[in-house]
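Here is a short briefing on one protein chain. Please look over the sequence and the model before reading the points below.

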Amino acid sequence: MKIQGKMFIWLSIFILAMAILYGVWSKEPAGTTALFLAFGLAIMIGYYLAFTARRVDAMAQDDKEADVADEAGEVGFFSPHSWQPLSLAIGGAFAFLAVALGWWLLYFSLPLILIGVWGWVFEYYRGENQNQ
């Protein structure tokens, strides 16, 4: 975590320098504001990572002699198959299309979104995947 913290802090310093240079040179408020906000986000992440790195044990990424396998472990459980993201994607596409074509399209998108969310939440409470 020490490496990532230093990287984000240096990135934030670079973004701050570019924000000041861009603001002075272009006198354009929207881009300058966006760059200062990007600086704020980068410094928050860098500070958090540096702050956390002092309180946790050294990880394999902090050791220059470490191998890739030193940090290996279980990543987590990933669903092997699910139709719910497809339902959510179609419902979300219809919802965004409703902004362009007309709000009446939300009547078709909201049931698809609700079915997708409901199915995704309760995917492992019924059917063949119940005991996983």
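Glu65 sits in the loop that runs between helix H2 (29-53) and helix H3 (84-101). The model is a predicted one. Glu65 is exposed, because its relative accessible area is 68% and the cut-off for exposed is over 50%.

**Overall fold**
- The protein has 4 helices and 0 strands.
- Along the sequence the pattern reads α-α-α-α.
- The radius of gyration is 23 Å, well over the 14 Å that the globule rule gives for 132 residues, so the protein is more spread out than a compact globule.
- The C-alpha trace spans about 50 × 50 × 20 Å along its principal axes.
- Among the 132 residues, 20% count as buried.

**Negative patch**
- Glu65 belongs to a negative surface patch.
- Asp63, Asp67, Asp70 and Glu71 form this patch together with Glu65.
- The loop position of Glu65, between H2 and H3, goes with a relative accessible area of 68%.

**Nonpolar patch**
- Two helices, H3 and helix H4 (106-121), each supply at least two residues of the nonpolar patch.
- Which helix gives the most to the nonpolar patch? H3 does, with 5 residues.
- Is Leu101 buried or exposed? Leu101 counts as exposed, because its relative accessibility is 56% and exposed means over 50%.

**Backbone at Lys27**
- Lys27 is found in the loop between helix H1 (2-26) and H2.
- Phi of Lys27 is near 55 degrees.
- That is a positive value in a residue other than glycine.
- Most residues other than glycine have a negative phi.
- The side of the cut-off is clear for Lys27 too: with 68% relative accessibility, Lys27 counts as exposed, since exposed means over 50%.

**In brief**
- The fold is made of 4 helices and 0 strands, and the protein is more spread out than a compact globule.
- One surface patch is negative and includes Glu65.

Conventions
Residues are numbered from 1 along each chain as its sequence is written. This is a predicted model: local features need pLDDT of at least 70, side-chain atom pairs count only at pLDDT 80 or more; totals for chains, interfaces and linings use all residues. Side-chain values use heavy atoms; hydrogens and water are left out. Patches are made of residues with over 30% relative accessible area and no salt bridge: like charges are joined within 9 Å, nonpolar side chains (Val, Leu, Ile, Met, Phe, Trp, Tyr) within 5 Å. Accessible areas come from the Shrake-Rupley method with a 1.4 Å probe; for residues, only the protein chains shown count as cover. A salt bridge is a side-chain nitrogen of Lys or Arg within 4 Å of a carboxyl oxygen of Asp or Glu. Lys and Arg count as positive and Asp and Glu as negative; His and the chain ends are not counted. The place of a charge is taken as NZ of Lys, CZ of Arg, CG of Asp or CD of Glu. Buried means under 20% relative accessible area, exposed over 50%, partly exposed in between (1.4 Å probe, protein chains only). The radius of gyration is taken over C-alpha atoms; the globule rule is 2.2 Å times the number of residues to the power 0.38.
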